[in-house]
Amino acid sequence: MKTAFITGITGQDGSYLAEHLLTQGYRVVGMMRRTATPSTERIEGILDQVEIAHGDLLDQSSLMRLLEEYQPDEIYNLAAQSFVHASFHEPIHTAEVTAVGVSRLLEAMRLVVPGARYYQASSSEMFGKVSETPQKESTPFHPRSPYGVSKVYAHWATVNYRESYDLFCCSGILFNHESPRRGIEFVTRKITAGVAAIVFGKQEGIPLGNLDARRDWGFAGDYVEAMHLMLQQDEPKDFVVATGETHSVRDFCRIAFSRVGLDYEDFVSVDPKFYRPAEVDLLLGDPSLARENLGWTPRTSFEELVHLMVDSDLAHHKDLGLQVQKGSLPESLLTTT
Ligand code: NAP
Ligand code: GDD
């Protein structure tokens, strides 16, 4: 039985990856940092099947101790301060966790378990002000936020440990991926949670920032499979993971509101406080290498993703016994209970 060590197991991707690795027969160890209120909501369903280990990317000794104790075959580094907007307000903290934290973990791996395989959660935010479209593995980086800058550092640190010490280190350059477990501050979930709150009379409208930003949005459940596949190859390599389609925030709003028979223009307003000092206007990935080398392709379309998220937020409100105040529930939700 192989042991996988996942940092960030309480996050969106960590929860899906842990579930996927359990189905593949892994012993799964998830690292969690100490917080006043435990953030295990996303892994409630598998808490009895995974081992939780307490540690922090800010603390070198905890990383060394955990790798020594669990001797993982595979290390998935998903932990980060991952919210781009917050990185402008907390640039030093973001750099400490998202950039230097990666050096801490790589150094722990080099010293304690050099035979393990390492996955780094790199990001399409590294392309930032893009110099070509679509973006592929060779596209130059031009990050536009402290988060993006930190991910570029982390990415090159991963490449450097591969080249310097011959360690099996890979980066997945993942484009935006979402799910019903997406954090509420990210735009997709803010919209779908907002739609549900409007339908059930809990909210009047949704204030957003730049509606014209375009992203290549996929489903997180599909993307964690690519992470695992990268560590099963003969040679370590970096891969873009994306759908190959781009849509605007406005498109997302239109589909989300039309799912409940409403027009987004009646509910969405623009508030400059959600604009960023520097924006990433357009992301569109070319996943050809992942398709050819890993046999990976996304299975969930953009429209299916939006519906999946809206339906989940609606179901949550419906389960609370609330009554529909505006719009209508999709057919599937009318028949489930
Ligand atoms: P997420 O939901 O924000 O999860 C981040 C995880 O990191 C949480 O479990 C969080 O723990 C943990 N964490 C934060 N600071 C830590 C620290 N100092 N020590 C240990 N753990 C810490 O992010 P996600 O969407 O799952 O993304 C996973 C990774 O992929 C991140 O590195 C992100 O930057 C990267 N990425 C994401 C996307 C995307 O579209 N989702 C795309 C490309 C790359 P708490 O629960 O305690 O906060
Ligand atoms: N969060 C947010 N809130 N974003 C908004 C809003 C709003 O009210 N209004 C418009 N946007 C725009 C942002 O300006 C951005 O252009 C786009 O919506 C997406 O924002 P987020 O959902 O916050 O995601 P992100 O693209 O900045 O970052 C996510 O994807 C990266 C991969 O490209 C995060 O998951 C990162 O961790 C990840 O690396």
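Okay, let's start with a term: a polar contact is a pair of N or O atoms within 3.5 Å, and inside the protein one atom must be able to donate a hydrogen and the other to accept it, while residues adjacent in sequence count only if both atoms are side-chain atoms. Here's one: the side chains of S122 and S171 make a polar contact at 3.1 Å.

Before going on, some housekeeping. This is a predicted model, where local features need pLDDT of at least 70, side-chain atom pairs count only at pLDDT 80 or more, and totals for chains, interfaces and linings use all residues. Residues are numbered from 1 along each chain as its sequence is written, chains are lettered from A and ligands numbered from 1 in the order in which they are written, and side-chain values use heavy atoms, with hydrogens and water left out.

Back to S122. You'll find S122 in strand β5; strands here are DSSP runs of E with at least two residues, helices are runs of H or I with at least four, and both are numbered from the N terminus. Is S122 buried or exposed? S122 counts as buried because its relative accessible area is 4%, and buried means under 20%, exposed over 50%, partly exposed in between, with a 1.4 Å probe and protein chains only. Setting aside neighbours within four places in sequence, S122 is in contact with H155, S171, G172, I173 and L174, where contact means heavy atoms within 4.5 Å. For a sense of distance, L229 is 107 residues from S122 along the chain, and their C-alpha atoms are separated by 15 Å.

Now, strand β5 takes us to ligand 1. Ligand 1 is surrounded by 26 residues, the closest being T10, D13, D56, S82 and Y147; a residue counts as near if one of its heavy atoms lies within 4 Å of the molecule. Which element gives the largest share of that shell? That's β5, with three residues. As for the make-up of the shell around ligand 1, 11 residues are nonpolar, 10 polar and five charged. In that count, Ala, Val, Leu, Ile, Met, Phe, Trp, Tyr, Cys and Pro are nonpolar, Asp, Glu, Lys and Arg are charged, and the others, Gly among them, are polar.

What about atoms that meet ligand 1? A polar side-chain atom of K151 lies 2.9 Å from an oxygen atom of ligand 1, and a backbone N or O atom of H177 also lies 2.9 Å from an oxygen atom of ligand 1. For R182, a polar side-chain atom is 3.3 Å from an oxygen atom of ligand 1. On its own, ligand 1 exposes 900 Å², and the protein buries 90% of that; these areas come from the Shrake-Rupley method with a 1.4 Å probe, and for residues only the protein chains shown count as cover.

On to ligand 2. Here 23 residues are around the ligand, and S123, S124, Y147, R276 and E279 come nearest. The side chain of S123 has an N or O atom 2.5 Å from an oxygen atom of ligand 2, and a polar side-chain atom of Y147 is 2.5 Å from an oxygen atom of ligand 2. V187 uses a polar backbone atom, 2.9 Å from an oxygen of ligand 2. Ligand 2 has 720 Å² of accessible area on its own, and the protein covers 96% of that. Its shell splits into 10 nonpolar, six polar and seven charged residues.

Next stop, S15, in helix α1. Why does S15 count as buried? Because its relative accessibility is 0%. The side chain of S15 reaches the backbone oxygen of Q12 at 2.8 Å, and a polar contact of 2.9 Å joins the side chains of S15 and R181.

T300 sits in the loop between α9 (288–294) and α10. T300 counts as buried because its relative accessibility is 18%. D222 is one of the buried residues of α7, a mostly covered helix with nine of its 11 residues buried.

Last, the core. A nonpolar core is a set of buried Ala, Val, Leu, Ile, Met, Phe, Trp, Tyr and Cys residues joined through side-chain atoms within 4.5 Å. The largest one has 64 residues, and I6, V28, Y76, Y119, F257 and L314 touch the most other members. A second, separate core of 26 residues includes M31, Y70, V112 and Y161. And F257 is among the buried residues of α8, where seven of 10 residues are buried.
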